[in-house]
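Come along and check the entries as you read.

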Amino acid sequence: MSFTFKPSENLSRVAPSATIAMSRRAKDKAACGLDVINLSAGEPDFATPEHICAAARDAIAAGKTGYTVVDGITELKQAAVSKFARDNDLAFTTDQIHISPGGKASIFNAFMATLNPDDEVIIPAPCWVSYPEMVKLCGAKPVIVPTTAASDFKITQEQLSSAITPNTKWLCLNSPNNPTGAVINNAEYGALAEVLRAKTHVMVMTDDIYEHIIYEPGGFATLLNAAPDLADRTLIVNGVSKAYAMTGWRIGVAAGPRPLIAAMGKVISQTTSNACSISQWASVAALSGVQEYLVDRRENFRARRDVVASAINHTDRLSCMVPGGAFYIFADCSQTFGMTSAGGALISDDLDFCNAVLDEALVALVPGSAFHAPGHFRLSYASSREELDKALTRLGKFCADLV
Ligand code: PLP
């Protein structure tokens with residue numbers, strides 16, 4: 001009898017990444033010589049700034065290439081402490097900082113450090129693809145709370161109240177949000193905090209990774225600005241990927257209560273060990289160096305957001321909210337359902353829509369169902385104006401030709 005591979009039960013419950021699947025289809029088409037415009041990526045299109053790259057080269061030249069303390073070098077933890085004081089008006093000490101190979105790893109380490117089989121994690125949807133799957137990988141239960149454009153895709157006090165059970169371990173908040181770009185402001189955090197104060201068994205994860213890509217006049221706020229009293233059960237997840245265009249360097253920076261940070265340190269010590277030493281030194285330069293260029297980059301994104309949101313809202317049968325942050329447009333495509341494309345594809349859901357747009361208009365988008373929000377698609381505008389204009393023209397024609 002031949003060997004049959006059997007994944008673990010936890011892994012069997014995990015869905016493969018739809019974003020990666022769409023990206024692969026787009027790459028396959030491009031490899032065949034087709035002029036595919038890929039708007040499915042979740043990363044800035046800027047280069048990592050030169051002073052950050054120089055710090056990495058210096059680290060190599062100085063031989064800083066060995067193992068480091070598992071949850072991060074002291075210099076980076078200090079830079080993180082200064083960052084939280086400078087940008088967020090929050091006071092942490094270095095033993096409250098966890099450095100990992102990316103924000104994604106910080107989230108996983110936090111879940112791994114805390115979740116038991118009956119635990120529930122409340123995740124407002126639309127949500128980043130990985131939260132529910134990581135919860136399942138840890139053997140616990142994601143509780144998806146759907147939100148709609150009517151509440152600007154934000155969880156309300158009432159929704160939060162009714163989602164919390166005695167088994168709730170975490171609430172996951174993400175602002176600016178991937179995929180919607182929705183921003184939770186200080187008052188809205190305050191309203192959620194009112195509910196959380198009465199539920200002392202619930203920890204909160206605020207995923208602030210898009211902090212610097214924000215267009216709201218009030219700027220960025222995190223839960224602890226509105227509710228410092230929740231500090232003993234709040235984990236801030238942040239990192240250098242999106243702000244400093246360092247997605248490939250893999251550095252996550254999390255801040256939270258000491259017992260949780262120590263538990264996450266135990267997880268990282270027995271799994272990945274330290275994040276890349278060179279990337280850690282580069283991240284010291286990112287967090288401690290000049291910050292002014294972040295404003296220029298943000299304004300550059302804002303100009304693209306305005307163009308894309310306006311074009312989508314002028315496209316037949318598509319509509320979107322003008323997002324307050326991140327670099328995504330989350331558009332409603334449900335008005336196209338039941339129609340047939342020029343190429344003969346019947347559109348019955350967001351997956352059909354995205355597949356037909358890729359096949360016929362050669363534009364790669366991500367279906368909303370990947371983010372637990374069917375009837376929508378996510379478009380990343382972290383692409384050149386030229387590419388965006390071309391993609392929007394193609395998308396407009398695709399929708400105009402639907403019958
Ligand atoms: N959180 C959100 C909402 C994201 O969109 C991403 C990346 O796409 C991450 C966390 C993880 O970022 P990284 O692991 O690159 O730091």
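For contacts I used this rule: a polar contact is a pair of N or O atoms within 3.5 Å, and within protein one must be able to donate a hydrogen and the other to accept it, with residues adjacent in sequence counting only if both atoms are side-chain atoms.

I am working on a predicted model, where local features need pLDDT of at least 70, side-chain atom pairs count only at pLDDT 80 or more, and totals for chains, interfaces and linings use all residues. Numbering runs from 1 along each chain as its sequence is written, and side-chain values use heavy atoms, with hydrogens and water left out.

I looked up Gly103 and found a polar backbone atom 2.6 Å from an oxygen atom of the ligand. For Arg250, a polar side-chain atom lies 2.7 Å from a ligand oxygen. The side chain of Tyr210 has an N or O atom 2.8 Å from an oxygen atom of the ligand. I then checked cover: the ligand taken alone exposes 400 Å², and the protein buries 92% of that (Shrake-Rupley method, 1.4 Å probe).

Cysteines. How many disulfides does the structure hold? I found zero, taking a disulfide as a pair of cysteine sulfur atoms within 2.5 Å. For Cys138, the nearest cysteine sulfur belongs to Cys172 and is 11 Å away. For Cys320, the nearest is that of Cys333, 12 Å away. Cys138 is buried at 12% relative accessible area, and Cys320 is buried at 14% (buried is under 20%, with a 1.4 Å probe and protein chains only).

Key
Buried < 20%, exposed > 50% of the residue type's maximum accessible area, 1.4 Å probe, protein only.
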